[in-house]
Amino acid sequence: MSWNYDTSFNRVKAHLESLGEIEVEKLVRDADLQSLLSETCCRDIFGAHVYVDVPNFADLATLSAEGEEYRRVIQALHVYEREVARIVEGQDIFDGVRVHFQGSKLHALFFRPIDNAEEIAARAVLLQMVLRYFVCNIFNPEFPKLPNLSVSGGADIGNAIGTKNGHRGDRELLFLGTPANYAAKILTGADSLRATTAIYDALPGSLQSYFTEIQDSRLNVTVYEMDAVPVDEMDAHLKEYGIAWDPDASLQRLKDDKATFPLNQIEYSDAEVLIDLDSLGITNNKRVLAASVFGDVSGFTAYIDNAVGQNNGMDALRVLHAIRKEMASIVKHDFSGLRVQFQGDRVQALFHLPKRDETSIAIRAVDTAIALQSSMELVIKTLLPEAKDLGMAVGSSIGTTLVSKLGTHGHRDRICIGDAVEDAATIQEGSAGGEIAIPSHIHEHLDEDLQKLFIWNKDRSVYIATNLTQDKAERARKAGLFKQAVYVTSSAGSSKVSSQQTAGSRSVVPSSSFAG
Amino acid sequence: MAEHYPNLTFRTDPAGDRMFLEGLFVLKTDCGVSTPISIRVEFPTSYPDAEPTAYDAAKHFRPSVDRHILSDGQFCLWLPPCSLWKKDDPVRLLRFLDEVTVFLERQLVYDATGAQSWPGPQYKHGADGYTEFMLGILDGNEGHLSSLFPAILGKTHPSRNEPCPCGSQQKYKRCHAERVEAIIRRVGRNRISFLYLNPLATGRASAKT
């Protein structure tokens with residue numbers, strides 16, 4: 001299991017040759033984005049991107065005891081996501097686009113009425129309002145044996161390019177551009193609902209009044225945090241915008257789902273072989289020791305915003321699709337991992353084999369991270385010089401992870417949930433292009449030569465390797481090679497130095513070097 | 001040589017009296033990544049009696065004594081007394097180029113490990129390296145080096161039948177005479193004088209004498 005330059009090079013070349021003509025046009029009329037968008041049919045969409053997360057689920061998925069308690073967590077997650085999907089997508093309710101769930105984190109998009117900033121922004125914040133009310137007042141009482149769940153939300157508005165990945169049966173909506181990126185960035189992970197200045201400015205005064213301006217010291221920007229909203233006022237605003245959300249109907253659907261999927265029908269197990277994500281569902285879940293790896297194309301948001309501004313969106317998308325496909329190939333073909341999701345320009349991968357072998361799993365995750373860096377630096381930038389300012393930021397962590405497929409029939413999301421997944425994402429989000437960041441419990445499993453390439457960052461409490469590509473990793477492992485004879489092999493105009501004698505190789509005893 | 005290093009070409013300088021070998025060394029890893037490094041090999045007028053010298057032609061590496069590259073890009077493959085150059089070896093040039101290949105690989109390993117320590121054996125820099133070499137011939141005995149150093153420098157000339165300056169009470173000819181002669185022969189009187197008698201060379205030599 002390894003990365004190879006020639007394989008990667010030929011793959012990326014083939015990806016580029018197989019990509020058809022990409023078109024990027026402004027979305028000017030209503031459309032079913034799931035049907036419209038594809039790898040080559042892309043739209044510049046003005047809309048509000050909303051993220052709403054229930055951070056408690058990650059803890060519950062990691063720490064809950066085996067047996068009924070764990071099945072209850074699975075049941076709760078499933079029915080939560082089913083109902084939230086209905087609220088978002090229901091034509092009479094919010095009539096929005098459920099992009100996907102990343103674990104328990106919803107990504108939704110509002111773009112109707114076309115170019116109507118006020119109404120789009122209003123729907124975005126009203127969704128946050130409703131979901132907070134739903135979780136606190138409807139969902140939590142239905143699961144009294146679980147700790148009270150809370151929500152964390154972020155929203156931004158603006159133009160983003162919508163496209164789709166091309167894998168059959170596995171096609172995901174992807175949105176690229178500042179609002180899709182920023183809405184997620186402003187999430188705090190605590191009990192808060194936030195909006196950017198762009199959303200706030202687009203809101204009518206009646207909705208602006210619920211927000212308090214604060215300074216986000218982490219991002220160094222102004223954001224707006226939603227205060228508590230009296231339920232009668234929330235209802236009045238929903239009515240004003242024609243959003244017919246009925247709390248009682250939501251409660252009933254929740255009860256119906258719990259009855260349809262009782263605890264004794266919910267199964268979960270460890271995995272002996274590579275998980276088939278498509279076979280998973282509410283009655284078939286996996287709880288595994290796994291490493292999550294997030295690889296993000298750093299600088300891509302600014303790159304595509306700039307490209308679209310210069311009417312060059314198709315070139316940026318060509319770069320994205322080439323990188324994206326190569327990331328997926330590395331995970332799946334080079335390292336036998338699971339490509340869980342694409343989230344814009346980020347890939348989420350999971351490694352869980354060999355079963356319960358933490359060392360091997362950790363090593364495989366780091367090898368994958370190095371491979372992602374290698375393809376970006378050595379292949380992508382060679383074949384696509386326009387990508388020269390982009391980088392790959394990788395984060396990883398390892399721990400107990402719930403793996404499943406959730407949603408309603410026809411639109412289900414592969415999800416991984418657990419503290420290790422959250423940690424890996426957080427570690428990646430704090431990393432710059434060219435960095436691989438790992439916690440100490442992954443670092444300790446690496447061989448000594450590789451460990452030395454990672455430097456401890458005490459501010460972030462992670463080990464970081466910068467610009468670590470596969471050739472450097474191999475050479476780092478050769479540090480002890482030169483104490484005895486080595487062998488030089490020449491082939492096709494190049495030479496290799498190794499400890500292994502092969503046919504035609506020439507022995508060299510490394511001399512004691514000197515500088516006069 | 002052409003079979004194993006096809007990217008190298010012989011050239012002569014415009015005056016036609018010096019010969020060079022120029023071109024790319026391409027080092028490849030197991031994962032298939034190639035690193036091309038532009039090299040120049042200069043042949044002295046007394047070649048093959050004297051060995052060629054290799055240079056980092058395109059300054060791929062930042063010269064430093066820690067990585068055994070001089071400021072003009074010259075590779076210090078070995079301590080001169082330890083040269084592996086064998087003028088009568090029919091494949092002497094191929095062996096030399098293989099040494100350069102291994103040296104370049106060590107450079108890349110040095111970079112990959114954060115330039116922390118030179119991979120593989122090395123002598124100390126300057127006169128200290130020669131001192132280390134001499135100690136190697138004297139089995140690491142610093143006391144012997146100290147007591148024999150005047151003879152090495154040529155400041156004293158012990159008779160072969162007198163007691164060895166090392167204090168063993170054995171006759172010099174049966175004790176350290178051959179080793180001292182080997183040191184003088186391999187390092188060379190001129191170099192010894194330059195390193196240890198030249199006040200600009202090193203303070204240590206001055207302290208010893």
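I began with helix H2 of chain B in this predicted model and checked its length: at 1.5 Å a residue its twelve residues should span 16 Å, and because its end C-alpha atoms are 18 Å apart, I note that the two values agree.

I then looked up which residues of H2(B) are buried, and found B:Ala127, B:Gly129, B:Tyr130, B:Thr131, B:Phe133 and B:Met134. Just after H2(B), I noted that B:Asp139 takes a positive phi of about 60°.

Next I turned to the contact between the chains, where 41 residues of chain B are in contact with 34 residues of chain A. On the chain B side, strand S2 (19–28), helix H1 (92–112) and helix H2 (126–137) each supply at least two of the residues that touch chain A, and the largest share, nine residues, comes from H1(B). Sorting this side of chain B by class, I recorded 22 nonpolar, 13 polar and six charged residues.

Last, I looked at a pair of helices in chain A, H11 (residues 300–309) and H12 (residues 313–334), whose axes come within 7 Å and cross at roughly 150°. For the contact itself, I listed A:Phe300, A:Tyr303, A:Ile304, A:Ala307 and A:Val308 from H11(A), facing A:Gly313, A:Asp315, A:Ala316 and A:Leu320 from H12(A). By class, this contact of H11(A) with H12(A) has seven nonpolar residues, one polar and one charged.

Note on methods
Residues are numbered from 1 along each chain as its sequence is written. Chains are lettered from A and ligands numbered from 1 in the order in which they are written. This is a predicted model: local features need pLDDT of at least 70, side-chain atom pairs count only at pLDDT 80 or more; totals for chains, interfaces and linings use all residues. Two residues are in contact if their C-beta atoms, placed from the backbone, lie within 7 Å. Helices (H or I, at least four residues) and strands (E, at least two) are DSSP runs, numbered from the N terminus. Ala, Val, Leu, Ile, Met, Phe, Trp, Tyr, Cys and Pro count as nonpolar, Asp, Glu, Lys and Arg as charged, and the others, Gly among them, as polar. The expected span of a helix is 1.5 Å times one less than its number of residues. A residue is buried if 20 or more other C-beta atoms lie within 10 Å of its own, exposed if 12 or fewer, and partly exposed in between; C-beta atoms are placed from the backbone. Axes are lines fitted to C-alpha atoms, for helices over the stretch in contact, and angles run from 0 to 180 degrees between N-to-C directions.
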